[in-house]
Amino acid sequence: MSMVALLLNVHPEALRNWIRQDEADRDERHDRPTTDMTEENRRLRRENAELKRVNDVLRAASAYFAGEIDPTRRRS
């Protein structure tokens, strides 16, 4: 494998990782997530972060408008 890495001009560990990832993607090993799973996890993390931002905005807007409707209400 190190000869192939030399021919490809890449670090042997990088080549080893590519091979391991390919094996995971072909369901030949189960000690690492597939590329599809990794991409889905990234997408879900981004979506989760966006939903948290939206919830924060809605929470702030709700508090603001609640104060506008009933200005005598105490804010906590």
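The model is a prediction, and the mean pLDDT of the protein is 92. A pLDDT of at least 70 is reached by 93% of the residues. Among the elements, helix α2, spanning residues 12–25, has the highest mean pLDDT, at 97. The lowest mean among the elements, 93, belongs to helix α1, which covers residues 2–8. Where pLDDT is low, predicted coordinates should not be read in detail.

The length of helix α2 was compared with expectation. With 14 residues at 1.5 Å a residue, α2 should span 20 Å.

Helix α1 contributes to a feature of the surface. M3, L6 and L7 form a nonpolar patch there, and their accessible area together is about 390 Å². M3 lies in helix α1, and L7 is also found in helix α1. The relative accessible area of L7 is 70%, so L7 counts as exposed. M3 has a relative accessibility of 55% and therefore counts as exposed, the cut-off being over 50%. The C-alpha atom of M3 is 39 Å from that of R45, a residue 42 positions away in sequence.

Two residues in loops have backbone angles of note. N9 is placed in the loop between α1 and α2. Although N9 is not a glycine, its phi is positive, at about 60 degrees. The side of the chain at N9 is open to solvent by the accessibility criterion: at 70% relative accessibility, N9 counts as exposed. D27 lies in the loop between α2 and α3, and D27 follows helix α2. The phi of D27 is near 65 degrees, again a positive value in a residue other than glycine. D27 has a relative accessibility of 55% and is classed as exposed.Charged side chains were examined next. The count of salt bridges in the model comes to 10. One of these joins E23 and R29, with a separation of 2.9 Å from N to O. Both partners are partly exposed: E23 has a relative accessibility of 23%, and R29 has a relative accessible area of 22%. R26 is partly exposed, with a relative accessibility of 46%.

Within helix α3, which comprises residues 35–69, E47 and R43 lie 4 residues apart, about one turn of the helix. In an α-helix there are 3.6 residues a turn, so residues three or four places apart point the same way. The side chains of E47 and R43 meet in a salt bridge, with an N to O distance of 2.7 Å. E47 counts as partly exposed at 38% relative accessibility, and R43 is partly exposed with a relative accessible area of 35%. Salt bridges with shared partners also join E13, R16 and R20 into one network.

The structure holds 1 aromatic pair. The ring centres of Y64 and F65 are 5.1 Å apart and the ring planes lie at 75 degrees, so this pair is edge-to-face. An angle over 60 degrees is required for that class. Y64 has a relative accessibility of 47% and counts as partly exposed.

Helix α3 also contains D56. At 47% relative accessibility, D56 is partly exposed. D56 and M1 are 55 residues apart along the chain, and their C-alpha atoms are separated by 51 Å.

Technical notes:
Residues numbered from 1 in each chain as written. Predicted model: local features only at pLDDT ≥ 70, side-chain atom pairs only at ≥ 80, totals over all residues. Heavy atoms only, no water. pLDDT = per-residue confidence, 0-100. Phe/Tyr/Trp six-rings, centres within 6.5 Å; stacked < 30°, edge-to-face > 60°. Buried < 20%, exposed > 50% of the residue type's maximum accessible area, 1.4 Å probe, protein only. Patch = residues over 30% accessible without salt bridge, like charges linked within 9 Å, V, L, I, M, F, W, Y side chains within 5 Å. Areas by Shrake-Rupley, 256 points an atom, 1.4 Å probe, with all protein chains shown as cover. Salt bridge = Lys/Arg side-chain N within 4 Å of Asp/Glu carboxyl O. Expected span 1.5 Å × (residues − 1).
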